[in-house]
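Please consider the structure below.

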Amino acid sequence: SSSSSGVFRGTISDAPDFDASADAEALYNAMKGIGSDKDAILDLVTSRSNAQRQEVISAYKSSFGKDLIDDLKYELTGKFERLIVSLMRTPAYHDAKEIHDGAGTNERCLIEVLVSRTNKQIHDMVAAYKDAYGRDLEEDVIADTSGHFKKMLVVLLQGTRDESGVVNADLVEQDAQDLYEAGEAQWGTDEAKFIMILGNRSVTHLRMVFDAYEKIAEVSIEDSIKSELSGDFERLMLAVVQCIRSVPMFFAKRLYKSMKGLGTADNTLIRIMICRSEIDMLDIRECFRLRYEKSLYNMIKDDTSGDYKRTLLNLCGGDDDLAGEFFPEAAQLAYKMWEISSMTKVQVWLRPTVRPASGFDPAADAQALRKAMKGFGTDEDAIIDIVAQRSNAQRQEIRQTFKSLLGRDLMKDLKSELSKNLERLIIGLMLTPAEFDAKMMRKGAGTDEHALIEILVTRNNEQIQAMNAAYKDAYKKSLEDAIQSDTSGHFCRILVSLTQGAREEGPADMERALADAQELADACNADSDDMEMKFMSILCTRSFPHLRKVFQEFVKCSNKDIEQIIKKEMSGDVKNAFYAIVRSVKNQPSYFADRLYKAMKGLGTDDRALIRIMVSRSEVDLFNIRKEFKETHDASLHEFIQGDTSGDYPAEKTLLILCGGED
């Protein structure tokens with residue numbers, strides 16, 4: 001059993017009054033003749049434990065002189081066959097086969113299995129691998145992988161993590177300090193320290209180390225790993241940390257990823273549903289319900305079909321969307337820990353990709369820019385290298401110095417020398433953030449509602465007020481008037497409300513959050529006009545931390561996810577505006593990552609959106625956005641920009657400098 005209290009948390013257990021020979025006969029009859037009785041097969045297989053299925057295999061051979069697995073393979077097809085046949089294998093052999101079949105191609109499967117199994121499960125798997133393939137798993141892993149990634153896999157394959165549960169307080173401090181000195185505290189990273197500590201210490205010990213680490217480093221261990229490591233090694237170490245924090249939450253995330261978006265990663269879905277059904281499926285279901293505000297059962301139901309679906313739902317067990325109360329203490333605790341590490345961090349540890357240049361000399365930069373634009377032709381590279389590698393405050397100094405030294409207006413000169421996307425980018429970078437926002441609001445008015453929404457939803461009060469002033473200064477009318485003449489109805493009201501820059505600030509107020517959540521839930525039954533007004537009165541005025549709490553409470557009192565309600569009940573710009581607020585509240589870098597993805601996927605690129613986000617976030621949280629992009633789209637932002645801006649070398653070069661790294 002997975003939980004420390006010894007309570008069984010699986011969904012599949014030994015069937016009472018079990019008779020292996022009777023089961024063998026039932027399966028034989030289900031496969032006799034033309035076509036097979038798939039319902040009978042799936043009902044029988046999913047209502048026996050794995051140990052009982054092994055007895056059925058033996059009985060089948062004794063009674064009929066045939067191999068049950070061979071017969072099942074012959075009778076069944078597709079994903080359903082894969083699922084049933086996998087259920088018939090022992091857990092150790094199933095793990096070994098998954099790793100063998102994914103060798104050299106599917107590192108994620110290898111990572112998932114090695115980080116989530118106990119020592120005994122790892123030893124059994126290594127033995128099963130040897131038995132099935134006559135080869136040594138460790139040697140095969142070494143042949144297929146390299147570098148620190150390989151070393152950590154070898155450490156995990158030993159199955160020697162401390163499982164004693166004993167914690168030594170002095171060692172906790174020492175480990176936290178060692179990890180800090182190995183990463184955040186120095187240039188370069190001492191990966192060996194990370195490998196040694198994360199690969200050997202006990203779960204209880206490491207949870208305490210992570211807390212101590214955060215006090216010393218002022219960032220979470222996850223954030224350090226994201227910024228210090230890269231590639232498969234980064235993915236592996238993050239998975240190790242996630243499993244230390246909560247194995248069920250780790251699997252809930254993997255399951256969600258296997259089903260969201262286009263197509264389903266069936267191998268992952270099958271593997272997890274099978275291997276956790278007798279261990280901690282109930283905990284996984286709880287974590288899933290809490291994190292995604294939708295039951296695992298419903299997600300599987302919407303994403304799969306036929307006998308395959310029925311089998312998976314049997315393994316899942318029940319639908320948590322039907323239960324009124326799905327917040328047992330243990331899950332709530334695991335979720336709290338998780339949420340503290342993911343949600344608050346997003347707000348606190350924002351990382352830019354563009355920082356102030358050291359040894360900055362505004363006069364030298366001003367002269368170099370003048371030289372790049374003087375005479376015939378323009379040295380675009382020189383301009384890009386200076387502008388993209390300075391902070392915005394430094395660029396303002398360059399603007400002033402250019403005027404003081406040369407009596408010329410840098411912006412005018414740049415506009416006359418550059419064109420198209422490069423001009424948009426360089427001018428965008430040279431403007432103050434408030435001027436740039438004002439310009440984007442002006443350009444988006446009446447044509448690009450998404451731009452208006454994105455800017456107003458993601459800026460704080462101070463930024464919105466600065467933008468209002470810059471707008472008035474540049475266009476001689478107020479932003480509010482402009483919005484009122486270009487938009488109408490509830491959408492106009494939402495934008496006007498956000499333009500006030502008067503959103504509350506500060507932490508959540510628990511009692512008020514409950515009341516707000518209840519009001520939103522009640523509003524869902526009102527007519528659409530009242531509903532939209534009620535949503536506006538709460539979503540446009542409360543602070544983000546407060547709204548985060550409101551959305552959680554909303555699930556409890558309505559059993560629905562606020563995002564789904566908005567998508568289903570609302571339409572057009574109003575829907576888009578509320579949706580953007582909810583996404584930003586939950587995880588703003590992830591919202592921007594989605595906007596970037598949409599700007600670049602499909603035919604043609606929404607250049608304005610791409611430029612707007614890259615310019616405006618480069619000194620705020622573009623590093624975080626990059627990481628979210630990679631996690632959601634399995635490709636780095638860097639690769640996407642390269643593939644999408646080819647043929648426009650200067651713009652591509654500028655965007656890649658802003659992007660910062662390749663992930």
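What percentage of the 663 residues of the chain count as buried? The share is 52%, where buried means under 20% relative accessible area with a 1.4 Å probe, counting protein chains only. This is a predicted model, in which local features need pLDDT of at least 70, side-chain atom pairs count only at pLDDT 80 or more, and totals for chains, interfaces and linings use all residues. Residues are numbered from 1 along each chain as its sequence is written, and side-chain values use heavy atoms, with hydrogens and water left out.

**Overall form**
- The chain contains 40 helices and zero strands; helices (H or I, at least four residues) and strands (E, at least two) are DSSP runs numbered from the N terminus.
- The C-alpha trace spans about 100 × 60 × 55 Å along its principal axes.
- Among contacts with a separation of 6 or more, 73% join residues 24 or more positions apart; a contact means heavy atoms within 4.5 Å.

**Surface**
- About 28800 Å² of the chain is accessible surface, and carbon and sulfur atoms hold 49% of that area, by the Shrake-Rupley method with a 1.4 Å probe.

**Helix H4**
- Leu68, Ile69, Asp71 and Leu72 are buried in helix H4 (residues 68–75).
- These residues lie on the same side of H4 because they cover an arc of only 160° around the axis, taken from the directions from the helix axis to the C-beta atoms.
- The cover over the buried residues of H4 includes helices H1 (20–31), H2 (38–46), H3 (50–64) and H5 (78–88).

Terms used
Buried means under 20% relative accessible area, exposed over 50%, partly exposed in between (1.4 Å probe, protein chains only).
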